[in-house]
Structure formats: structure tokens, C-alpha cells
Amino acid sequence: MKYEAVIGLEVHAQLLTDSKLFCGCSTKFGAEPNTQVDPICLGLPGVLPVLNRRAVEYAVRMALATSCKVNRQSVFARKNYFYPDLPKGYQISQYTEPLAERGWLDIDLDGERKRIGITRIHMEEDAGKLLHGEGPEDEAFSFVDLNRTGVPLIEIVSEPDMRASDEAQAYLKALRDILVYLEISSGNMEEGSFRCDANVSIRPAGSSKLGTKAELKNMNSFKFVKEAIDYEIARQTDLVESGGKVVQETRLFDSARGVTVSMRSKEEAHDYRYFPEPDLLPLIVEEEMVEEVRSALPELPQAKRERFISEYGIPAYDAGVLTSSKDLAAYYEEVVNETDEPKASSNWIMGELLRLLKEDNRDVKDCPVSPKGLANVMKMVKAGEISGKIAKEVFEEMYRTGKSAGEIVKAKGLTQISGEEELARIVDGIIAANPENVERYKSGKTALFGFFVGEAMKATRGKANPQVINKLLKEKLGG
Amino acid sequence: MDITSLDISALSGKLVKKELSSAEATRAYLERIGRVEERVSAFVTVTPEEALKAASEADSRIARGEDVTPLTGVPIAVKDIFSTRGVRTTCSSRILENFVPPYDATVIRKLKEAGAVILGKNNMDEFAMGSSTENSAFKKTLNPWALDRVPGGSSGGSAAAVAASECAASVGTDTGGSIRQPASCCGVVGLKPTYGRVSRFGMIAFASSLDQAGPLTRSVADASLMLNAIAGHDQLDSTSIDAPVPDYTAGLGSGIKGLRVGIPKEYFIEGMDPEVESSVRKALETIKSLGAELVEISLPHTEYAVAVYYLVATAEASSNLARYDGVKYGLRVDETGSLLDMYKRTRDEGFGPEVKRRIMLGTYSLSAGYYDAYYKKASQVRTLVKEDFEKAFSACDVIATPTAPTPAFRIGEKLEDPLTMYLSDIFTISCNLAGIPGISLPCGFTKEGLPVGLQILGRYLDEETVLRTAWSYEDATEWHKRRPNL
């Protein structure tokens, strides 16, 4: 029998607010342990939460960007469980009445578009972190860092609409891109600001009934998400084909071994005893606020990609690369705006610019060459002031030193030599110095043309205008 | 002159006129505490140093004539449920025995800003769970009127301290009657304001949707002065009400002619102590004689109130008390076993039997499969109780009832019988479920000399009418002037 996989994802994204969800503590990543805490996020006796309005606005942004319906009233609820990283003994989340519901996201895979349903988006607070190490007497010891406690999260729950790991990956990337475009989350999986759990089940192909699912956790990269899902699909298929039964459980992905291992069964699952949080009033999001957020939404990745293809006539691949970040797309558009050369601009950015940025692990925001700077280099090439090859050197020099193209070209004397008189002298010299090769060329070895071009370039340290050199050589060699 | 016999306005008058300094008043109260505390046990912690420091600050404030309020320099106490910066706050629980908060509750901040002198922290039932203060992990507070009887609870330490003149007033909390019932038992005035009228920030939570702070005082006027100081919206408490705070003393003397006083037929039940019933009925006649109109009303869902309360309150408590896990502060037992062992031992040794009972009840009613039948159903019935009051208040302006079905009972009498103990709050609980204000004030004494309390309930945010009614009755009677003989 053939089986198909059914995959749904639960994504947690940290919101980039300055302060925590229910208190004024900083949310900055990487501070010394327990330095960004106050009585409220420490859960001291008697403290009360006060909702961060900015976090609500961010969550509404995401809801609208994924076509969700924003509920006028949503209700915070307590999710009760004991763990040392959870100071109150409960997490404030949303349960029966989430912030937003019933949205979707389109993913593009191998030229095909597929719509993935979004069940709900709700707000909640993050827990702290446990660090396992050694105590004062080298014994096993666990430390609690509560800096992360209370950092705002949104949980985005998808419908079980994905059928393969690459769909899950594409969905996840699309989701991440939107969050980053909206400037509400860093989307950084390694730092844990973007986390994903996957519900995976299999069923006979064509069946509409859902099979028993396993929930996969601990996948902290896009690659691991794919690996874990692939492993799990294979594991469940093998199990069913050998007469076994999938049991409902939570499984952890072990990235070192590339396998999922059982963490707890359904029977061991927590009973979270959700109930409405009595310390907070129901959250009312007025239509006005929704409209305000909607009108301020930026162009989203997919729309931008499509516009780049139609407006600039660049290939889909280029559009995909250029819109992978909002800043890169803006950079590109500025360059095109200056040069009016959409494809050449794309080539420059995808080639030279991204190569240099990648080498330095630098974001385009911090690129030392401004879009105008790149446009200037391109303009110099077009005007025949420098050759394309020299242009690349000049660009790299601009990137390293922050100097302008004009300065570099001037200082290094890189201006292209296009004067026929001057170049004719050089060509004559080369012909005179290489009588043997001239003979061979004339007797039919035309491949030697390149040798003469190379000699000319060498003699001018690359500054010769190649078109002029070609013309002169052809004349003088009698090609 | 016995300084400790003065009510707040009399004492404040003397302080402002500099006939008396706050330091003298504070020392007088500390001496009084020294004399009677051994018998009454109303305090978990007395803070003489802090009190005398606050008194001298109050005296210089009065000397400068700046920011002087009716509480400036007045020695008061607070229930040990309010977080006090630098002063241990125990909730009368082992688990917080040595807990020193780094911040003040909003109520404490406001009292300090008003210039009040805080003498110490009053004993209570552990985490405010109880009706007798016998559930304190540290000591049993005794009723100043009869030392073999309980002071009521959970704010029993506050009520006893006020009755025994160990402080001019105290602030307690009321979740199901915890201010009014001990006030009734101890012959003092106890006011539970509208839910959200006073900030809960820094007040250790028992049942978040029911808890409300309020004053315990010797007179209705004093209760008004105290409410003036502690009421108001607080940005740190999302459930606090953003409504202007009137001067609660302003209309006290304007009479109750034509006021419609509702008498709920469900509140005069069989099995009520006959002496309580006759005192309350006489009080109603007095109120009538002052020009008010008595109207019979019905609160048909009263019989469900206790059940609803014990589902909602315990559910919230089971979650509120989860933070006492030995990880961050408070008691921690057993560092060597597993995490689960540490949790279990800490909570087993840290909590008393009544707290454990309620955590278990609440955990059960929130559990998967039971939530709909218990917590959810209780929340629905709570709405019906609230609607009962809304309907009743279309036919009357305030509601008058007994505060408690019996006078103060004997120590140990109900300790082994939680269900009977729970019925002590039968008349006070509905008010918390509905979120409306209520007051208890003395309306008589039994033959044995035990105080009886009259409860007056009012409309949402209508503390003024409640206080005016109570003041008029108090003004016409002498009960509040009696003091126990210690």
C-alpha cells in the first residue's frame, strides 16, 4: 500500500518588542543571566501582569499578513505546569479564544503554488532557560536563567495541509520571511527566536481520515525540520508496514543521529488545566486598530517577488534571491532606479555584492557600498570609462575601503584606455615582439587571437578598452 | 488620656494640632501591643523600628504642614498578605516564613504616601484560607471579647488587633467574607469595597477574581478615611477600576430618609443563631426608624453561592499557589533528591492542611474531563448570582443581612469539620461573587457578650450609599463604642 504523510506545524516566534509581554524588562538577547528580570517576571508573590500593547500590534500584523480573522475579543488563559524555568507555575497564553483564526499562506514549490491553512495565531509569554552544568563541588547542577521569561511570543498553528517535508520547509521559510518583513521577529532559529514543532502522521494515500500523529520537537534549523519529518515518515511507514501501530506521543529529534526518539506518551502528557487568566481582562482589539495596522502593512515577500518579475522582467530565480530580505530588495530597487538596468543590477547584486557580504557574514543593511555607489560603478562601465573586469576590482575596493568609485579609479589610474592612437602603438609593439605567433596566426591558428588580446591587456594592466583592442588587432593581423 | 482609645479622626485632630506627636502615639500603641499581644496574638511581625522612623517622618511632615492627610502619623497595621519592602511577608505560611519582598504592594505604598505609620503585620489564616485564623502556621489569634473563641478569619489578626486597640485601624483582604466575618466576630467595622476599587498589586493572591483589600476600623467614618487613602486605579493592576475616587467621608451624615433597604428572604435561614437573628432584626427596625423603607427582596441563587465559591476560589488558588515550588524563594526542602522530590517535600512541609485541601479541590475541578462540570458550570452560576443582585437593586438601594450566621465560635470547634467552617461565610460570599461592596458593623451583643455584625451590601461602585447607611445606623446606636476588657 502507498502511504501519504500529513504534516501540521506549530511555530513559536519571539516578538521584537523592547520590553516583555507583561512587564517592563528588556527583551535583549544574550545578556548576563538573570539581569533582565523584575518582581513581575520573577513571579514574586502578589505581582500582576500588565499587557504590552506593542506586542498586540505586532501579533495583529502577523495575523493580517496571513489573512487571518482578528477576533475582536480574545482571552488570556493560564496553562498550568511545574518546571523550574516557569516562575509562576503557569504560562499566560491564549486557549479557547485566540487573537486570530482561519488564515492561510501560499507556498511556491517547483513552480507550483499550494495554499496552507492557518488554524490560529495566539499570544503567549516565553519561559526561561535551564542551563545544566556543575555545582560548587563539581556535582551535576542546574541553573535557571529567567531573562527570557515573559518575552512575547506568537504561536502560529497550521492546518495539517502539508504532505511532504519540503512543503513543511517551504511553509516555514515563507512564514519566517513574512515575520522578518513585518519587522516583528528576527526569525532566528539558532537563537531560538523562531521555533517549530511538527505534527506528523501517515495514512493510506487517498484516504481522508487522519492517522495517529506524533509531535516532533527540538528541531532548531530548517534542515533539521526536514530531516526529522523525513525520518518520522519513514519510521511510521515501516512501523505500519510491518504490522505495527503508531502511538500518539511526543518525540525529540536527535540531530547528531538524525533520528526521533520518544519523549513522552499520550498517557504521560501534561494536563495543563487551562482556565481564563483572572488577572487580565479579555483583550479587545477594535476594528480601528486592525485597519490602522492593515494600512501600515509593508509589501509582503510573495507580492514583491511577483512584482519584480513583472515590473523588471528578471527571471523568477533572481526575483526570489533579491526578495529574500526586505533590505536586499530595497537595495536592488535603488540600484535599478539609478541605472535603469534591471538584469545587470541583479547580476551585480547576486554575484559581487552577495559574495562579499557572505564572506564577511554581513547584512546588506551594513553594506559599506551604497546602492548609489554600485550604480556609479555600473554607469562607468556603460560609459566605457572602465572595463567590466576593472569594475569588479573597483567595487571590491569600494567595499573594503568605503571610498567612491571615482576616487579609486583616479588614484589607481584605472581609467579605461580607449584612445585608438595610444592603443594602436601598443598593438604594434605586441605584433613586433611576437613575430612567430603572428606567422602562426596568419597561417590559420586563429585561436591565438586571445593571446594577443591578453598581451594587450597585460601591457595596459587591464585598462584597455577590449572593443578597441579587438578592432585594432583584427585590422593589423589582417584577420 | 488613653491615646489608643481614640479613633482616627480624633487622633489625627490631635496630631495636626500638635497636642500629640505621632512618635508618642506610636509608642503608646507599641506599649499596648506589649501589654496585650501575649493574650491576643494578632501580629505575625511587629516592626517598632520602622514604625518609629515613619512616626518621626510624619511628625516632621506635620511640622512643615505639608501633605498632611487624615492618616498622617496614625499608627495602623496591615494583614500579612501585603508585600512590604524589606519587611518579611509570610501570608502566615511556613512556605513564606522568611520571605522578604523587594517591593511594596500598592496599598502599602498609598498608606505610606498618606503618612500612615505601620506598626506591623497581622496574623491570618494561611494564604487567607479560613474563617477562624486557626489556619495560621505560626499562632492562633484569640478573640479579644472571649479569649477561648476565634476572631473569625481570614483577617482575624486585623480584626482582633483593632478590637484590642493594638492599632488604630488595619487593612485586610476579603475573598469570601474575610474582612466582614472577622469584623463581625470582633465587634469592629469591616469594609469590602467593590472588586477592583483597591489595587491588588502586591497583595498575595488567593483567588484573583474575588480578592479585594479593605479596612477594618473602629467606626464607619474611619473606614471611609481609610478607603479614601487606598482606593483608586492602578496601572499595575489590569483589573483595577479606572473610575474617580470620591471623598467617602463627604456624604456620611446626609441621612437615609427614603432609602430603600432590601431584606433578602433567603438570608434569614433556619438554624441561624437566634441571638444573631434578633440583633439583626432590631437593627433593621432602627434603620427603619431613621426614615428608610424596608423592602423584602429575593436573591434566588443564594443557595448555590457557597458551592460556586468553593469551585472558583479553589481553582484559582491551585494555580496562584503553584509558584511556591522551592525554586526561587521561600522554603525549599530536600536538595538531594530529584526535582519532583524537591517539589513534593517543599510543598508538603510548606503548606498547612487547609491550603493543601483547597489546592487539591481546585486542581481537581480544573482537570481535563471535569472542567465543564465544575469550573465552567460554577462560572455560569456565578453570573446568575450577579444577576440576582442586579435585579434586586432595581427594587432597593442597599441590602441588609446578618454578616455571619453565628457569633464567634470556640477555638477548635470547627477545625476538624471544614464543611461547617465553610458555612461561616454563607452570607458574605455572594457579595464577592458579584463583585459588589459590603460592610459589616456591630449591631449588638449576645448574652455572653459576643459581638454580632450587621452586613450592608451596595451596588457596584456605590460604597458611598453603603457607608452612609452604616454611618446613620452607627450614629443612632452605641454598640461600636464598647471595647473588650483585656
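Mentor: Let us begin with S318(B), which is found in helix α9 (residues 302-320) of chain B. Helices (H or I, at least four residues) and strands (E, at least two) are DSSP runs, numbered from the N terminus. This is a predicted model, in which local features need pLDDT of at least 70 and side-chain atom pairs count only at pLDDT 80 or more, while totals for chains, interfaces and linings use all residues; side-chain values use heavy atoms, with hydrogens and water left out. Residues are numbered from 1 along each chain as its sequence is written, and chains are lettered from A and ligands numbered from 1 in the order in which they are written.

Trainee: Why is S318(B) called buried?

Mentor: Buried means under 20% relative accessible area, exposed means over 50%, and partly exposed lies in between (1.4 Å probe, protein chains only). S318(B) has a relative accessibility of 4%, so it counts as buried.

Trainee: Which residues is S318(B) in contact with, leaving aside its neighbours within four places in sequence?

Mentor: Contact means heavy atoms within 4.5 Å. With those neighbours set aside, S318(B) touches R273(A), I359(B), G362(B), T363(B) and L366(B).

Trainee: How is the interface between chain B and chain A described?

Mentor: The size of an interface is often given as the accessible area lost when the parts come together. Buried area is that loss (1.4 Å probe), summed over both parts. Between chain B and chain A about 2700 Å² is buried, and carbon and sulfur atoms give 61% of this. S238(B), S319(B) and R323(B) supply 22% of the area that chain B buries against chain A, more than any other three residues. The contact takes 39 residues from chain B and 30 residues from chain A.

Trainee: What makes R200(B) and D279(A) a salt bridge?

Mentor: Side chains of opposite charge can pair when their charged atoms come close. The rule asks for a side-chain nitrogen of Lys or Arg within 4 Å of a carboxyl oxygen of Asp or Glu. In R200(B) and D279(A) the closest N and O atoms are 3.0 Å apart, and the pair forms a salt bridge. Across the interface of chain B and chain A the rule finds 1 salt bridge.

Trainee: Which elements give two or more residues to the side of chain B that touches chain A?

Mentor: They are α9, α10 (339-350) and α11 (353-366) of chain B. The largest share of that side, 5 residues, comes from α9(B).

Trainee: How do you know that E249(A) and R235(A) meet in a salt bridge?

Mentor: Their N to O distance is 3.7 Å, to be set against the limit of 4 Å. E249(A) lies in strand β13 (residues 249-254) of chain A and R235(A) in helix α3 (residues 222-241) of chain A, 14 residues apart. E249(A) is buried because its relative accessible area is 10%; R235(A) is buried because its value is 18%.

Trainee: What are E299(A) and R307(A) called, buried or partly exposed?

Mentor: E299(A) stands at 27% relative accessibility, so it counts as partly exposed. R307(A) stands at 22%, so it too counts as partly exposed. These residues form a salt bridge, with the closest N and O atoms 2.8 Å apart.

Trainee: Why is the pair Y312(A) and Y332(A) called edge-to-face?

Mentor: Rings of Phe, Tyr and Trp (its six-membered ring) pair if their centres lie within 6.5 Å; planes under 30 degrees apart count as stacked, over 60 as edge-to-face and the rest as tilted. The centres of Y312(A) and Y332(A) are 5.4 Å apart and the planes stand at 85°, so the pair is edge-to-face. Y312(A) lies in helix α5 (residues 301-312) of chain A and Y332(A) in helix α7 (residues 326-339) of chain A, so the pair ties together parts that are 20 residues apart in sequence. Both Y312(A) and Y332(A) are buried.

Trainee: What makes the pair F445(B) and W479(B) tilted?

Mentor: Their ring centres are 6.2 Å apart and their planes are at 50°, so the pair is tilted. F445(B) counts as buried because its relative accessibility is 14%, whereas W479(B), at 27%, counts as partly exposed.

Trainee: How do you know that R281(B) lies over the face of F268(B)?

Mentor: A charge sits over a ring if NZ of Lys or CZ of Arg is within 6 Å of the ring centre and within 35 degrees of the ring normal. R281(B) lies over the face of F268(B), at 4.3 Å from the ring centre. The charged end of R88(B) likewise sits over the ring of F138(B), 5.9 Å from its centre.

Technical notes: Buried area = accessible area lost by both parts, 1.4 Å probe.
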